[in-house]
Amino acid sequence: MLSAPGALVWALLLLEQGCRAAPQSAAGTRSRLPGTASPPTSSGRRLHGRFLHITDVHPDPFYKTYSSTAEEAACHRKRGPAGIYGAETSACDSPISLVNETFKWIRDNLKDSIDFVVWTGDSARHDNDEKIPRTENQIIQQNELLVTKFTEVFGKDDNINDTDPTNDFTIPIVPTFGNNDIMPHNIFQSGPNKWSIKYLDIWRNFIPEAQRHQFQQGGWFYVEVIPAKLAVISLNTLYFFDSNSAVDGCANKHEPGYEHMDWLRIQLQRMRERGIKAILMGHVPPARTNSKLSWDETCWQKYTLWQRQYRDVIVGSLYGHMNIDHFMLQDFQDLKKGTKKGEMKVKTTEQGKSLHEDGEVTVASASDYILSLRDEFAKLPAPPKTNQKALPILPDTDEEFSIWRWFFSKLPSTKKGGVSRRSKRKYLDEIGGKYAQRYSVTHVSPSVVPNFFPTLRVFEYNIDGLEGYIVPFNASLSASLDARLLLSVPDEESDTDYEDNVDKIIDIQKKKKEKESRKKNKKYKFKIPAGPSKSAPPGPAYSLQTFSFLRYTQWFANLTQINNDFVAPTSPGLKISPRYDIPQTIFGLKVSKDGNIETRKWKEGKHGEHQGKKPRPKPHPNTFKFEIEYDTATDKAFRLKDLTVRSYVDLARRIGEEGSGDAKLDSEYEEQNEDIENESDDSMDDDKEVDSSGKKEKKKGNKGKKKRKNNGTWFTFVKRAFVGTMDPKDIEEIFCKRGIGEEQQQQQQQQQQQEVIEL
C-alpha cells in the first residue's frame with residue numbers, strides 16, 4: 001500500500017499525463033495527412049504549416065539500366081546490376097526515370113499541402129566518368145531539367161498570358177548552389193562571375209527582383225516565403241567550403257566569404273527590426289568536430305557567432321551535400337576569444353581534417369565523422385541523477401567499488417532520492433538555460449541520388465495564429481521585365497579557356513595564402529552584431545511559437561524492392577538484399593578486421609557481385625513510391641517531442657551516452673529533464689562564459705580504447721544516417737564495438753571523481 005506522500009506523487013503524475021493529453025495551441029500540433037489541402041482562394045493561397053526539403057538530385061542522362069556499377073563503367077556501359085530507377089548504395093548518379101518518378105510522387109502526394117520548397121543544390125551529375133567528361137552545357141541543361149520538373153508540379157495552370165517570370169509558380173521555390181552545379185566542381189570564384197550570371201537566368205523564376213544584384217554579386221539572396229513574416233535565406237556555402245581553393249575564408253574583407261557574412265549580418269539585423277523570422281539554407285553544412293570539418297574555420301566562427309547573436313530571429317538551418325541523414329550542434333562555447341571581440345586571424349588553427357575527398361564525402365569519411373560526432377555528443381552536460389544513482393560507474397567485480405556502494409548507501413539524501421535545486425541550476429547553466437541557448441542546431445537531409453536510398457523530407461512548422469492567413473499570389477517575388485537587360489554579361493568563353501583562367505586564379509590565391517601565412521600576428525577586425533534584447537523571449541528555435549519547427553517526416557524509396565531485381569522470391573518482404581560477404585565489404589568497399597572502411601571515393605554498391613551480367617532479361621519493377629522511414633512526432637527511438645534546440649541537445653546526449661542505453665536509464669533522465677524544465681530560467685547572457693567541458697581531444701587510433709556496449713539510440717542514429725541500407729551486423733562491427741578515445745575516457749573518470757567529492 002502506498003504511503004500518503006507516495007499517493008500524492010502518483011496523483012500528480014496522473015494529473016500531468018492528463019494535461020499532456022490536451023496540448024496547448026502553442027504546441028502547434030496538427031494531424032493533417034500528406035496530400036490533404038486547404039483550397040486556394042482567388043486572391044492567394046492558404047498556409048498548411050509544411051514545406052519540402054529536397055537535395056542532391058544529380059540527374060544523369062547517360063545512365064543505362066542493367067549497366068555496370070564498377071568505377072570504369074559508372075552505370076554508363078557494360079552489363080551489371082544498375083536498376084531501372086537507380087543503383088542503390090553505389091556511387092552512380094540518378095537516372096532520369098528516378099527524377100521523373102520523384103516529381104510525379106511529389107505532385108500526387110505533396111503538391112497541395114506544402115507552403116514552399118527548400119532546394120539545396122547539386123542538380124547536375126558528378127564528373128565521375130573519364131569517357132564522358134562533364135561540360136558546361138550539360139550542367140546548365142541538367143539544372144534546367146529540374147526547373148522544368150518543378151514547373152510541371154508547381155507551375156500555374158492559368159499563366160499563359162502572364163509575361164512576369166516570377167509569377168509562374170503557386171508556391172515559392174528557393175534554390176542554392178551545390179559544389180557540382182559549377183565547373184570545375186568545388187571552385188566558385190569571387191563574383192560577379194560566369195556562374196552567378198548563368199544561374200540568374202536559370203533561376204529567374206525564383207529570385208526576387210530586389211535580390212538580383214546581390215545574387216549576381218555572389219550567389220546569395222533571400223525570399224520572403226510568407227511576406228513580412230518568414231524569410232528563407234539562401235547562402236552560397238561554396239565561399240565557406242574548404243574544398244574551394246579559389247577563395248580564402250571569411251576573415252579578410254577582400255574575400256567574398258567576408259562580404260557574404262557581412263551581407264548575412266545586415267539581412268538578419270533588418271529582419272529583426274521588421275519582426276521577420278528567418279530560415280537559413282545552403283548546400284555544404286557547417287560540419288565541425290575534433291577530427292573532421294567542411295568549412296574554413298574563419299567562416300565557421302562568424303557563422304556560429306551570427307547564430308548566437310540572432311537566435312531571436314533564426315528559426316533553423318537546412319543543408320544537404322553529405323548524403324547522410326543526421327544533425328549537428330553548434331556550440332557557442334567553441335567561439336574563440338578573438339571572435340567574440342571582433343578580431344580574427346586570417347589563418348586560424350585548424351580544428352581537424354577535411355571531411356572531403358575532392359569535394360565529396362566518402363563512406364569511410366562519413367563513418368569516421370559519425371563516430372567523431374558521437375564522441376562530441378558524449379561530452380554534452382548530463383542532467384543530474386538522483387542521489388541514489390549518482391555513483392561512479394565501475395565494474396561490478398571491483399571489490400573497492402562494493403565498499404564505495406555501501407558507503408554511499410549510508411549517506412542521507414538531500415531530497416529523498418530527488419535532485420537538489422543546486423544541481424538543477426548547475427545543469428541549466430551548463431547548457432545555456434532552460435532553452436539550451438548555448439547551442440544551435442543544423443539539420444542535414446539525405447539525398448535523392450541513391451547513394452543509399454532516395455529520400456525526401458517534409459517539415460511541419462507552427463502556424464498558430466495564421467490559420468486563416470491568405471498569402472497573396474506573387475507577393476514574395478516581384479520582378480521588372482527589363483531587369484535582365486540591366487545585367488552585365490561577360491563575353492562567352494570556351495570550357496577550356498574558362499578552366500585555364502580558373503587555374504590561374506587558384507595559383508594566385510595559393511601564393512596569396514602563402515604570403516598571408518607569414519603574417520602570423522595580423523588580425524582582421526569585423527563588426528559584432530548586437531544580441532537579442534534583454535526583454536526578448538527565446539527565439540523560435542528554442543521555444544515553441546509561430547514558425548517553430550515541430551516535426552519532420554523522412555520519406556524514402558526502397559529501390560531494392562521497387563527495382564525488383566535482387567529480392568529473394570522466398571522473402572517478398574525483405575528490405576535489403578542478402579549479404580554473402582559480411583563483414584569483409586560494405587557497399588563494395590573493403591573493411592579491415594578493426595572496422596576501418598576502405599577510403600575509396602567510388603563504391604560499386606551492395607549488388608556488386610552481379611557485375612558482367614543482366615539481372616533479368618527485361619526490367620519489371622514494382623510501383624514506384626516513397627514510404628515513411630520515420631516521423632519525429634511518433635518515433636519511439638529518438639523521442640523528439642518537437643524540434644527545438646533543447647530537444648536535440650537531449651537527443652544528442654542520449655546518442656553519446658556510454659553503456660547499454662536501456663529504457664530505465666533513459667526514462668530516468670527524461671523524468672529529471674521534465675522536473676528541471678519547471679525551474680525558472682535566466683536567459684543566456686552574451687557576455688557570460690560557460691564552464692569548459694574540457695580540453696579539445698586529438699584524434700587517436702583504436703589502441704587503448706574502451707569498448708562501449710550497444711546503445712539503442714546510437715544504433716538507430718547510425719542506421720538512419722545510411723537510410724536503412726547498412727546491414728545491422730555491419731553497424732555492430734563498425735560503430736558499436738569501437739570505443740572512445742583515451743583522453744575522453746580520462747575526462748569521464750575525472751568527472752566521476754568530482755561527483756564523488758561533491759557527494
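Which residue stands opposite Y439 in β13? In this predicted model, in which local features require pLDDT of at least 70, side-chain atom pairs count only at pLDDT 80 or more, and totals for chains, interfaces and linings use all residues, the residue opposite Y439 in β13 is D331. Residues are numbered from 1 along each chain as its sequence is written, and side-chain values use heavy atoms, with hydrogens and water left out.

Helices (H or I, at least four residues) and strands (E, at least two) are DSSP runs, numbered from the N terminus. Two strands are taken to pair if DSSP finds at least two bridges between them. Strands β5, β6, β7, β9, β13 and β10 form, in that order, an open sheet of 6 strands with mixed pairing. Its edges are β5 (221-226) and β10, each of which has a single partner strand, so one side of each is left without a neighbour in the sheet. From one strand to the next, the twist averages 25°, with axes being lines fitted to C-alpha atoms, for helices over the stretch in contact, and angles running from 0 to 180 degrees between N-to-C directions.

Within this sheet, strand β10 (residues 326-331) runs antiparallel to β13, and 6 bridges join the two. One of the residue pairs places Q330 opposite S440 in β13. Strand β9 (residues 314-319), by contrast, pairs with β13 in the parallel sense, over 2 bridges; L318 has H443 of β13 as its bridge partner.

In strand β13 (residues 439-444), 6 of the 6 residues are buried. Y439, V441 and H443 point one way from β13, whereas S440, T442 and V444 point the other way. Strand β10 is largely enclosed by the rest of the structure, because 6 of its 6 residues are buried. H326, M328 and Q330 lie on one side of β10, F327, L329 and D331 lie on the other, and both faces are covered. Helix α14 (residues 645-656) lies across β10 and β13 and runs at about 105° to β10.

A further open sheet comprises 6 strands in the order β4-β3-β2-β14-β17-β20, again with mixed pairing. Here β4 (173-175) and β20 (627-631) stand at the edges with a single partner strand each, so one side of each lacks a neighbour in the sheet. Neighbouring strands are turned by 20° against each other on average, direction ignored. Strand β17 (residues 549-556) pairs with β20 in the antiparallel sense over 4 bridges, and T553 has D631 of β20 as its bridge partner.

Helix α7 (residues 297-309) contains 13 residues and reaches 18 Å from its first C-alpha to its last, close to the 18 Å expected at 1.5 Å a residue; the expected span is 1.5 Å times one less than the number of residues. In α7, 13 of the 13 residues are buried. Helix α9 (residues 363-378) contains S372, which counts as buried at 10% relative accessibility. Not counting residues up to four places away in sequence, S372 touches T289, S291 and K292, contact meaning heavy atoms within 4.5 Å. The side chains of S372 and T289 are joined by a polar contact of 3.0 Å (a pair of N or O atoms within 3.5 Å; within protein, one must be able to donate a hydrogen and the other to accept it, and residues adjacent in sequence count only if both atoms are side-chain atoms).

Methods:
Buried < 20%, exposed > 50% of the residue type's maximum accessible area, 1.4 Å probe, protein only.
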